[in-house]
Amino acid sequence: MKKAIVGILALIFCFNLTTATASDKNLKISMVTDVGGVHDQSFNQSAWEGLTRVKNELGVKVGYQESKQDADYDSNLETLLDGNNDLIWGIGFKMADSILKSAKQNPKQKYAIIDYSFGNTTPPNVVGVMFQAEEASFLAGYIAGKMSKSNAVGFVGGMSVPIIHSFQYGFKAGFKYANPNGKIFEQYAESFTDAAKGKAITTQMLNQGVDVVFHAAGAVGDGVIEACKEKKKMAIGVDRDQNYMAPDTVITSAMKRVDNAIFNISKDFLAGIYKGGTTVNYGLQDGGVDLAPTTSKLVPEKILKELEAIRQKIKEKTLIPPATPEAFSTMFKEKK
Amino acid sequence: MPNSSYEKLTATFFSIVAGILVGGLVLKIAGLPVGEAYLVMFNSMFSRANYVAHIIVKSTPLILTGLSVAFAFRTGLFNIGAEGQFIIGATTAALAGYFLDLHPLLEIPLVLLLAVFVSALWGGIAGLLKAHFAVHEVISTIMLNWTAFYLQNYLVMLEGFRRPNSEASNSINVSASLTFFENWKYSDAGILWLEKHPLLADFLRAPVNGGIIIALLAAIFCYIILHKTSLGFSLRAVGHNADAAEYGGIKVKQKMTTSMLIAGALAGAAGATHVMGVSRNIAILASMEGYGFDGIAVALIGGSGAWGPILAGLFFGALKYSGSKLQAALEAPSEVIYIMIGVIVFFTAMPKLFGKISDLIKKRRAHAR
């Protein structure tokens with residue numbers, strides 16, 4: 001064993017050919033994806049689109065580091081730390097612990113994280129970015145309420161966690177707002193990857209008379225959309241504009257513009273503005289969430305006009321879509 | 001078949017070379033500079049103490065799951081279930097590490113033993129099913145993998161264990177941590193001292209932990225069991241020829257169960273050291289993380305002895321760690337990197353092919369004479 005250790009140490013000294021580190025004055029911004037990877041058709045991909053825009057429009061260097069396992073977050077952050085990055089993005093709430101640890105150990109490095117808020121305990125070198133997904137989901141729910149002929153819609157969630165609740169209760173509220181007597185079926189797939197399960201759940205819902213299904217379940221949603229397409233019913237996409245997956249089926253998508261958030265915060269950062277220690281909320285107001293541009297293809301003019309009025313109300317905060325079960329029940333108790 | 005250990009070594013060496021060559025071809029097709037890519041990988045294995053430390057940390061669970069698969073191989077069983085046993089070990093360690101808070105000298109062995117014990121039972125299920133109901137272990141362990149997977153996802157979400165508003169469990173108590181100098185290295189005194197010793201500081205920046213010692217002890221344990229005890233003799237006899245072993249008076253059914261118990265314990269130790277040394281908690285899994293499946297590759301590369309999995313595990317860990325460095329250095333898409341690693345593993349996993357080829361050549365020569 002001793003020999004092996006001596007051997008390894010000898011190797012360390014012999015091959016001290018550290019790769020050339022970027023020493024130019026150019027700024028560099030990089031991100032670490034969560035286990036979804038950079039081609040996940042969802043927020044990681046959207047984040048990378050945002051950074052690519054930063055590169056093209058603002059001319060700084062960008063890069064990414066993909067994680068395959070939860071245990072990769074720490075070592076990927078270290079790799080970026082060694083790569084002379086000026087700002088490091090963590091994509092997704094799964095990275096919260098690693099970002100926090102890394103930020104505390106490297107107080108001079110600046111970080112930002114998507115989908116997580118450290119609240120009052122945010123370190124001064126971290127910016128949290130949250131999306132008010134309930135606002136876009138409310139609009140999607142409204143469309144579902146108005147377009148359902150059977151007065152029954154479905155929601156397929158990935159897992160029962162707060163991030164998904166904001167989609168679920170926003171959607172439910174929007175639906176009830178449009179169609180107070182309608183019925184809503186809700187189910188969790190307990191997965192973000194199992195498309196076959198999404199399809200099975202959706203088919204069952206459709207057989208019970210549901211004709212619009214909204215999902216907030218990552219790749220499980222591929223199955224949801226497929227089932228709706230096969231049965232010629234309506235589906236509502238999530239995170240990105242998913243209309244391209246089934247152009248006659250996906251009537252709208254509740255988009256979370258991770259790309260806009262990354263672009264804006266990176267742009268501010270390059271201009272010297274960095275709100276360390278705080279959490280930034282992105283809602284309808286600042287283009288952080290919205291319905292997909294393809295919504296106008298399948299949703300009638302009349303509903304679009306009504307949506308415009310609701311959008312205005314949400315922006316003015318006279319209508320606040322619920323993001324939690326508690327907020328949802330108070331909203332609808334007050335009405336009764 | 002390669003019969004001497006010398007031939008085995010040359011076969012493994014040639015398959016690694018073949019893997020690197022074909023891997024280079026993959027890089028070439030993807031339009032990446034081959035020489036530079038391998039240089040980056042080589043540098044990110046050895047050029048800094050930090051990298052070496054990371055490779056050791058990454059290899060630890062692979063060595064243990066590799067030992068698990070290799071051990072079951074010796075009894076003629078194919079333990080696909082290392083993944084599930086890893087999950088059970090990790091879950092038990094996370095539960096015990098969180099709910100028990102004793103003195104570290106008592107806590108660490110207790111948490112580790114609990115995790116190993118429970119995952120041994122988990123592995124034993126497949127052994128029992130095979131021995132008494134002729135359920136093929138490949139089928140039952142695949143099923144048990146999914147059972148373990150969903151069991152973990154269920155347990156993580158239980159109130160009291162789950163950390164509020166997250167997809168993860170609470171972290172284990174510090175007393176159950178295997179990480180070296182965990183508190184000290186971030187304390188003011190530690191930071192001050194480490195500033196004067198940059199090499200050690202670089203090494204300790206990685207979550208270096210006692211897992212590697214446990215892995216090495218486990219390899220010694222495997223060696224002793226297999227080669228120095230009558231239990232090991234009968235296990236190997238069952239692996240060579242179960243019918244002959246039964247005729248010779250060995251209780252084949254019992255040995256199969258024992259073998260799976262031990263294999264489960266080894267993979268469970270991998271999960272436990274991973275939680276106690278690196279991750280600190282368990283989280284909802286969207287898909288299997290692959291520590292157990294990589295263990296199959298490690299066992300194939302290393303051969304089913306007790307020492308092979310150590311080298312193969314370190315090799316595999318080094319490939320995985322240095323592969324991830326390609327992304328930042330060359331902007332290589334991770335898919336290409338994983339195809340390349342896959343190709344190398346593919347070739348290294350079949351030294352038998354090279355053994356067969358050399359056998360064939362020998363036979364031809366003998367025939368010609």
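Q: In which sense do strand 3 and strand 4 of chain A pair?
A: Strand 4 of chain A pairs with strand 3 (residues 87-90) of chain A in the parallel sense, over four bridges. Strands pair if DSSP finds at least two bridges between them. Helices (H or I, at least four residues) and strands (E, at least two) are DSSP runs, numbered from the N terminus.

Q: What sort of model is this, and how is it numbered?
A: It is a predicted model, where local features need pLDDT of at least 70, side-chain atom pairs count only at pLDDT 80 or more, and totals for chains, interfaces and linings use all residues. Residues are numbered from 1 along each chain as its sequence is written, chains are lettered from A and ligands numbered from 1 in the order in which they are written, and side-chain values use heavy atoms without hydrogens or water.

Q: What is the mean pLDDT of chain A?
A: The mean for chain A is 88, and 92% of its residues reach 70 or more; pLDDT is the predictor's confidence in each residue, from 0 to 100. Over residues 9-25 of chain A the pLDDT is below 50, and this stretch has 23 contacts in the model beyond near neighbours in sequence. A contact means heavy atoms within 4.5 Å.

Q: Back to strand 4 of chain A. How many of its residues are buried?
A: Four of the five residues in strand 4 (residues 110-114) of chain A are buried, so the strand is largely enclosed by the rest of the structure. Buried is under 20% relative accessible area, exposed over 50%, and partly exposed in between (1.4 Å probe, protein chains only).

Q: Which residue of strand 4 of chain A is the bridge partner of G90(A)?
A: I113(A) is the partner of G90(A). In strand 5 of chain A, I113(A) has G128(A) as its bridge partner. Strand 4 of chain A and strand 5 (residues 126-131) of chain A run parallel and are joined by four bridges.

Q: What is the strand order in the six-stranded sheet of chain A?
A: The order is 7-6-8-9-10-12, in an open sheet with mixed pairing. Strand 7 (183-188) and strand 12 (289-291) of chain A stand at the edges with a single partner strand each, so one side of each has no neighbour in the sheet.

Q: And how many bridges join strand 6 to strand 8 of chain A?
A: Five bridges join strand 6 (residues 152-157) of chain A to strand 8 (residues 212-216) of chain A, and the two run parallel. V213(A) in strand 8 of chain A stands opposite G154(A).

Q: Which domains does the assignment give for chain A?
A: It gives domain 1 (22-131 + 259-282) and domain 2 (133-255 + 290-335) of chain A; the bounds come from an automatic or database domain assignment. Their centres, taken over C-alpha atoms, are 29 Å apart. Nine residues from domain 1 of chain A and five residues from domain 2 of chain A make up the contact.

Q: Over to chain B. Is F149(B) buried or exposed?
A: F149(B) is buried, with a relative accessible area of 3%. F149(B) is found in helix 6 (residues 137-156) of chain B.

Q: What does F149(B) touch?
A: Leaving out residues up to four places away in sequence, F149(B) touches I87(B), L285(B), A286(B), S287(B) and M288(B). G84(B) is 65 residues from F149(B) in sequence, and their C-alpha atoms are 6.7 Å apart.

Q: Which residues of helix 10 of chain B are buried?
A: In helix 10 (residues 230-240) of chain B, the buried residues are G232(B), S234(B), L235(B), A237(B) and V238(B). These residues pack against helix 3 (49-74), helix 9 (211-228), helix 11 (242-247) and helix 12 (252-279) of chain B.
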